[in-house]
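Here are a few exercises to work through with the model open in your viewer. Try each one yourself before reading the solution.

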Amino acid sequence: MSEHIDSIRTYTGVWLVLLALTAGTTAVAYVDLGPFSVVIALVIAFTKMLLVALFFMHIRYSSKLTRLVVVGGLLWLGILLSLTMADVATRHW
Amino acid sequence: MASETHVETLALREQFDTAEQQKDASTLGMWVFLITEVMFFGGLFLLYTVYRHLYPMVFAVASSSLNAVIGAVNTAVLLCSSYTMVLAVRAAQLGQRKAIVIFLILTLILGFAFLGVKAYEWNVKFEEHHVPGASFHFEGMAPELQRNAQLFFSLYFAMTGLHALHMVIGVGILSVLIFQAYKGKFTAEYMTPVDVAGLYWHFVDIIWIFLFPLLYLIDRHLPK
């Protein structure tokens, strides 16, 4: 099998960054950033998701077909959220 | 009659040409399932987005009644369990039977720790009458906004509840894997169940990565 086996060092590094980002997102929530609070929170969550997917879930080494399925799935979630909010946010109730 | 005999093993079943093809098929199958799960949780995330958009202040106040420190610690517990899970997968790739069992048991323990903390948090919410229903009451919130606060807690319990259900299923999967790994079922040639269970476990972790800031950390800076 043509498997890529990452070193324990790599996994440990990713794990420590994930813990640091958790502490960071908690701390920054107490700072008044106005409407950017939620933006920062989501950017950090997205970064953590990418780290887990790329390293722990081996997307870095996975086949193109698997990557296509993942990106396609997220695209549909994006459509679900963006089109619904395009309606809700522009309504005069 | 063909003279070659196809020896079917776990590492290479009859319908596949190569072991790599078999592995790719399993991985892809798990990812397709996980994408259906993304859409499953996606409906709840959509509801959350709509109602947070409609009632931003109520969501901020209701969110602040959750304990952010406990939430952050539990997030760390779950991230540690993902770390031990990926080490279990690595041990399986290298065919280290003993290491697989040890790391899976560590993952299981951390999974139980997460669920234990979650149970404690829910219990606090019950005691505070923050569970949606007839006895719901949120201190200091205007009577006409009580129903909007109930929306937040309905979403809180639905989303963390569905997540916890996935954790319970994950704990069951881990228990079976530990037993099988102990029996020596997994080798460097055949470790697909460990690999695929790892994908599931990390996915559940990712869901929590989003639930934590969205439920616990809304506008914490506001004076309450």
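This is a predicted model: local features need pLDDT of at least 70, side-chain atom pairs count only at pLDDT 80 or more; totals for chains, interfaces and linings use all residues.

Of the 93 residues of chain A, 18% count as buried (buried: 20 or more other C-beta atoms within 10 Å of the residue's own; exposed: 12 or fewer; partly exposed: in between; C-beta atoms placed from the backbone). Residues are numbered from 1 along each chain as its sequence is written, and chains are lettered from A and ligands numbered from 1 in the order in which they are written.

**Exercise 1. Work out how spread out chain A is.**

Step 1: list the elements. Chain A has three helices and zero strands, where helices are DSSP runs of H or I with at least four residues, strands are runs of E with at least two, and numbering starts at the N terminus. The order from the N terminus is α-α-α.

Step 2: compare with a globule. The radius of gyration of chain A is 18 Å, well over the 12 Å from the globule rule for 93 residues, so the chain is more spread out than a compact globule. (The radius is taken over C-alpha atoms, and the rule is 2.2 Å times the number of residues to the power 0.38.)

Step 3: look at the box. Along the principal axes, the C-alpha atoms of chain A fill roughly 60 × 35 × 10 Å.

**Exercise 2. Describe how α1(B) and α5(B) cross.**

Step 1: get the geometry. The axes of α1 (residues 19-54) and α5 (residues 146-182) of chain B come within 11 Å and cross at roughly 160°. Here axes are lines fitted to C-alpha atoms, for helices over the stretch in contact, and angles run from 0 to 180 degrees between N-to-C directions.

Step 2: classify the angle. α1(B) and α5(B) are therefore roughly antiparallel (over 145 degrees; under 35 is roughly parallel, 65 to 115 roughly perpendicular, the rest oblique).

Step 3: find the contact residues, meaning those whose C-beta atoms, placed from the backbone, lie within 7 Å. For the contact of α1(B) with α5(B), α1(B) brings B:Phe41, B:Leu44, B:Leu47, B:Tyr48 and B:Tyr51, and α5(B) brings B:Leu151, B:Leu155, B:Ala158, B:Met159 and B:Leu162.

**Exercise 3. B:His129 and B:Asp219: which is buried and which is exposed?**

Step 1: check phi. B:His129 has a positive phi of about 60° although it is not a glycine; B:Asp219, also not a glycine, has a positive phi of about 40°.

Step 2: B:His129 sits in the loop between α4 (97-127) and α5 of chain B, and B:Asp219 in the segment after α6 of chain B.

Step 3: count neighbours. B:His129 has 12 other C-beta atoms within 10 Å, so B:His129 is exposed. B:Asp219 has 21, so B:Asp219 is buried.

Methods
Two residues are in contact if their C-beta atoms, placed from the backbone, lie within 7 Å.
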